[in-house]
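Subject: Structure handover

Hi,

Here is the structure I promised you. Please open it alongside this note, and then read on for what turned up.

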Amino acid sequence: MKLYEAVNNAMNAEEKERETQLMLIALEALAEETDYRLHKELMINMTNLYLETNQKLIKTLEKVERLANTDHLTQIYNRVFFSQVVAYELEKQSRITMPLSLIMLDIDHFKHVNDTFGHNVGDEVLKGISSLVNNNIRKTDTLARWGGEEFVILMPNTAIENALLVAENLRLLIEQTAMPPVAKLTCSFGVTQYIDDDDIGSLVKRADEGLYTAKETGRNKVCSNL
């Protein structure tokens with residue numbers, strides 16, 4: 001009887017030890033699986049956080065860039081950005097010769113608008129003119145507020161003959177568009193084209209001289225200068 005009990009006890013002890021070992025193995029496997037899940041979840045969360053932060057950063061940088069390049073009133077490009085675009089297009093001329101035209105326009109008697117209706121109406125006129133022009137030029141053209149009531153349009157791959165047609169169409173469109181309470185608005189235009197060795201200063205100067213001629217000879221007209 002004692003021998004049977006001894007054998008039985010030995011078997012029970014072996015089984016218990018085996019069960020304990022199996023339990024330890026199961027616990028280790030569970031711990032590894034749990035650690036893997038936690039690790040995987042952590043990596044997913046970190047990746048999502050990185051992507052979210054990166055998207056926010058991209059949007060912030062785009063907003064900053066947009067603010068830096070945009071005229072705050074009219075929401076078209078400002079003079080600084082326009083100058084960069086002109087510099088880029090002029091640099092291309094050294095590699096690929098193609099026509100490049102510049103239009104400069106100025107709102108006629110704009111001081112009278114401000115004096116008669118107030119600066120708030122003047123601001124609305126500036127926004128209205130910029131929007132009207134922007135909606136009636138090509139997407140490849142660059143419109144910017146040059147200063148005050150002056151605007152500039154850079155037209156790549158455009159000869160002066162075509163630029164003059166665009167300027168005349170814009171002149172008529174502005175003349176025919178009412179912007180209450182102002183009954184009628186007109187603009188004067190100066191147009192020029194790139195010639196050899198032009199820089200931004202000489203190109204803008206010629207367009208400005210054409211604009212000056214239009215102002216001095218009756219306003220509400222288009223004058224070229226080459």
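Start at H109, which lies in the loop between β1 and α3. Its phi is positive, about 50°, although H109 is not a glycine. H109 counts as exposed, because its relative accessibility is 52%. The cut-offs are these: buried is under 20% relative accessible area, exposed is over 50%, and partly exposed is in between, with a 1.4 Å probe and protein chains only.

Some ground rules. This is a predicted model, in which local features need pLDDT of at least 70 and side-chain atom pairs count only at pLDDT 80 or more, while totals for chains, interfaces and linings use all residues. Residues are numbered from 1 along each chain as its sequence is written, and side-chain values use heavy atoms, with hydrogens and water left out. Helices (H or I, at least four residues) and strands (E, at least two) are DSSP runs, numbered from the N terminus.

**The chain overall**

The chain has six helices and five strands. Along the sequence they follow the pattern α-α-β-α-α-β-β-α-β-α-β. Of the 226 residues in the chain, 36% are buried. Contact here means heavy atoms within 4.5 Å. Among contacts with a separation of 6 or more, 67% are between residues 24 or more positions apart.

**Helix α3**

Which residues of α3 are buried? In this helix, residues 110-117, they are F110, V113 and N114. Seen down the axis of α3, the buried residues fall within an arc of 95°, so they line one face of the helix. The arc is taken from the directions from the helix axis to the C-beta atoms.

The face of α3 turned away from the buried side carries the exposed residues K111, H112 and D115. The buried residues of α3 pack against β1 (100-107) and α4 (119-134). Just after α3 comes G118, with a positive phi of about 100°.

**Two helix pairs**

Take α3 and α4. They pack at an angle of about 140°, with their axes 7 Å apart. That makes α3 oblique to α4. Axes are lines fitted to C-alpha atoms, for helices over the stretch in contact, and angles run from 0 to 180 degrees between N-to-C directions. Under 35 degrees counts as roughly parallel, over 145 as roughly antiparallel, 65 to 115 as roughly perpendicular, and the rest as oblique. From α3, the contact uses F110, V113, N114 and F117; from α4, it uses H119, V121, G122, V125 and L126. By class, the contact of α3 with α4 has six nonpolar, three polar and no charged residues. Ala, Val, Leu, Ile, Met, Phe, Trp, Tyr, Cys and Pro count as nonpolar, Asp, Glu, Lys and Arg as charged, and the others, Gly among them, as polar.

Now α4 and α5. Their packing angle is about 135°, and their axes are 11 Å apart. That makes α4 oblique to α5. The contact is made by I129, L132 and V133 of α4 with L170, L173 and I174 of α5. By class, the contact of α4 with α5 has six nonpolar, no polar and no charged residues.

**Two buried strand residues**

I107 is in strand β1. At 1% relative accessibility, I107 counts as buried. Beyond its neighbours within four places in sequence, I107 is in contact with V125, L126, I129, E149, F151, L185, T186, C187 and K215.

F151 sits in strand β3. F151 is also buried, with a relative accessible area of 1%. C-alpha to C-alpha, F151 and L126 are 9.7 Å apart in space, and 25 residues apart in sequence.

**Backbone points to check**

N157 lies in the loop between β3 (150-156) and α5. Its phi is near 55°, a positive value in a residue other than glycine. N157 is exposed, with a relative accessible area of 52%.

Where is P181? P181 lies in the loop between α5 (160-175) and β4 (187-193). The peptide bond from P180 to P181 is cis, with omega near 5°.

Best wishes
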